[in-house]
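The sequence and the model are shown first, and selected features follow.

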Amino acid sequence: MSAPSPKLACLFCAVTLIAAAPSAFASGGGGFSQSTSMPSQSQFDPSVEYRKGVDALKAEKYTDAEHAFAHVLSSNSHDANGHFMMGLAQAGQGKLADARGHYERAIKYDDSLTLAHMELGLTLVKLGETDKATAVLDDLKKRSSACADTCAQAKDLQSAVSSLESALAPQASPASPASPATSQVPAERDLLGASIASGDHDYLDAVALINQKRYEDAITALQASSRVFGPHPDILTYIGYANRKLGRFDIAEDYYRQALAAAPNHLGATEYYGELMVERGDLAGARRMLAKLENTCSFGCAQADELRRWVVAGKQPSS
């Protein structure tokens with residue numbers, strides 16, 4: 001079934017976090033449909049903790065930031081942004097070895113997170129491991145050369161290469177474990193300064209891109225939104241959906257699992273995960289997802305109706 005056109009009315013409405021607002025989750029119903037609200041309107045706790053951590057980092061309250069990101073990672077240990085931010089919080093306290101570990105995990109879960117590569121290289125310089133830092137720089141140069149000025153990460157890659165070259169320069173004085181705020185590169189300042197409005201804007205852009213079947217571009221926009229909101233279940237669900245449409249079933253499954261770990265009754269993630277199971281020939285698993293939807297939606301819902309069509313057909317319905 002073709003994706004419905006998004007209704008993007010009130011693009012910048014309600015961009016502040018409203019304590020009384022109910023959670024609004026991404027829904028399925030025919031392959032793709034947008035959430036009725038933006039990420040800033042949700043009461044998803046890990047996302048709230050993530051924003052607390054970012055605010056603490058901007059205020060150079062690194063212990064507070066570390067506590068907030070610990071809560072995020074306890075909910076989702078695969079969150080690349082949470083690991084990166086935890087690294088910044090620990091680096092701000094001089095815990096360089098611990099920060100290094102989190103940068104490495106951030107890269108493991110999202111190799112495209114350029115600033116994690118940069119901070120890993122800078123941390124290796126501070127730890128005296130210049131050979132490894134040089135290897136990171138060489139990798140960043142290759143990525144920047146391949147990207148040129150055409151990819152979304154061009155600016156971050158250029159900043160990362162410049163910062164790491166400066167840190168490795170022979171005339172550079174030994175770096176001290178000072179707080180990241182004293183030596184932030186422009187890309188990092190942009191990241192910490194990103195507003196809730198910009199995160200909502202990226203999220204809504206991703207919705208439109210998915211409806212246009214521009215899945216790679218949608219993933220880039222969703223990743224930008226996740227840098228603002230952290231492991232939000234709507235964002236995780238849509239990253240999973242876009243990867244699934246690109247045939248990356250293992251990656252899609254991981255994101256669906258992350259979304260359901262954050263919000264076990266998330267309707268969209270449950271439906272889409274069930275559809276993925278049908279595509280993989282796991283009808284028993286898809287029926288479990290359908291039973292879960294039927295139990296959650298006491299009076300029926302579009303997500304259960306759509307997944308039921310998939311289960312009955314045993315494959316993606318033709319219409």
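## Helix α7

The model described here is a predicted one.

Several residues of α7 are buried, namely Ala154, Leu157, Ser159, Ala160, Val161, Ser163 and Leu164.

## Helix α4

Helix α4, formed by residues 96-109, has 14 residues and reaches 20 Å from its first C-alpha to its last, close to the expected 20 Å. Its buried residues include Leu96, Arg100, His102 and Tyr103. Among the elements that cover the buried residues of α4 are α2 (62-75), α3 (80-91), α5 (114-126) and α6 (130-147).

## Disulfides

Two disulfides are present in the structure. A disulfide is a covalent bond between the sulfur atoms of two cysteines.

One of them joins Cys147 to Cys151, with an S to S distance of 1.8 Å. This link of Cys147 and Cys151 is left-handed, with -105° about the S-S bond. Cys147 counts as buried because its relative accessibility is 5%, whereas Cys151, at 31%, counts as partly exposed.

Cys297 and Cys301 also form a disulfide, with their sulfur atoms 2.2 Å apart. The link of Cys297 and Cys301 is right-handed, at 75° about the S-S bond. Cys297 is buried, with a relative accessible area of 10%, and Cys301 counts as buried at 12% relative accessibility.

## Thr270

Thr270 lies in helix α13, residues 267-279, and counts as buried because its relative accessibility is 1%. The side chain of Thr270 reaches the backbone oxygen of His266 at 2.7 Å. Leaving aside residues up to four places away in sequence, Thr270 touches Leu260, Pro264, Met289, Lys292, Leu293 and Leu307.

Conventions. Residues are numbered from 1 along each chain as its sequence is written. This is a predicted model: local features need pLDDT of at least 70, side-chain atom pairs count only at pLDDT 80 or more; totals for chains, interfaces and linings use all residues. Side-chain values use heavy atoms; hydrogens and water are left out. Helices (H or I, at least four residues) and strands (E, at least two) are DSSP runs, numbered from the N terminus. The expected span of a helix is 1.5 Å times one less than its number of residues. Buried means under 20% relative accessible area, exposed over 50%, partly exposed in between (1.4 Å probe, protein chains only). Contact means heavy atoms within 4.5 Å. A polar contact is a pair of N or O atoms within 3.5 Å; within protein, one must be able to donate a hydrogen and the other to accept it, and residues adjacent in sequence count only if both atoms are side-chain atoms. A disulfide is a pair of cysteine sulfur atoms within 2.5 Å.
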